[in-house]
Amino acid sequence: MTDDVVDGLIDAARDAASRAYAPYSGFHVGAALLLKDGSVVTGANVENASYGLTLCAETAAMAKIANEGWIGELVAVAIVGGRPEGDALLGRDPVHPCGRCRQILNEAAEQSSTDIDVHCASGDGSTVASYKLSELLPHSFGPKDLGVVNK
Ligand code: THU
């Protein structure tokens, strides 16, 4: 994946973060999913007054591709998060996917037979940390364990 593609994916995630609904934490997260055909699908976090019902950005984006029948098409994801101030997103540390989101991303990784690239960016854009999903979720449990996809 070229640097331009990664930068574009991070930009899409940052744009998605501007559509977060996060009145409780004030922490805006955007996720951008890159599919095999080059298309990009985004999501942002959706909080709820019953806090535990909050949807993470990655989960919101994953629901979109699953509902379109594209769960086997995922190749990479970018995540950006921080606190908004005007048009800027503040925060110097890359935002890594929570444990639940790692598991949800793993579903698509196994269905697409791809160890997906996970690019974690800071709100201010100064730092990017990149991983394979298998680094973030080693020894995963997924569709392969239920015989739904081949090992
Ligand atoms: N959040 C995400 O959207 N993705 C993650 O992987 C971690 C956390 C959101 C959930 C909540 O709305 C806010 O960040 C603070 O936890």
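The legends below describe close-up views of a predicted model. Residues are numbered from 1 along each chain as its sequence is written, and side-chain values use heavy atoms, with hydrogens and water left out. Because the model is predicted, local features need pLDDT of at least 70 and side-chain atom pairs count only at pLDDT 80 or more, whereas totals for chains, interfaces and linings use all residues.

**View 1. Residues around the ligand.** The shell, taken as residues with a heavy atom within 4 Å of the ligand, includes Ser25, Phe27, Asn45, Glu47, His96 and Pro97. By class, the shell divides into 6 nonpolar, 4 polar and 2 charged residues, where Ala, Val, Leu, Ile, Met, Phe, Trp, Tyr, Cys and Pro count as nonpolar, Asp, Glu, Lys and Arg as charged, and the others, Gly among them, as polar.

View 2. Of the 370 Å² of accessible area that the ligand has on its own, the protein covers 78% (Shrake-Rupley method, 1.4 Å probe).

View 3. The structure holds 0 disulfides, a disulfide being a pair of cysteine sulfur atoms within 2.5 Å. The closest cysteine sulfur to that of Cys101 belongs to Cys98 and is 3.7 Å away, too far for a bond. Cys120 is in no disulfide, with the nearest cysteine sulfur, that of Cys101, 11 Å away. Cys101 is buried at a relative accessible area of 1% (buried means under 20%, with a 1.4 Å probe and protein chains only), and Cys120 is buried at 0%.

Notes:
Buried means under 20% relative accessible area, exposed over 50%, partly exposed in between (1.4 Å probe, protein chains only).
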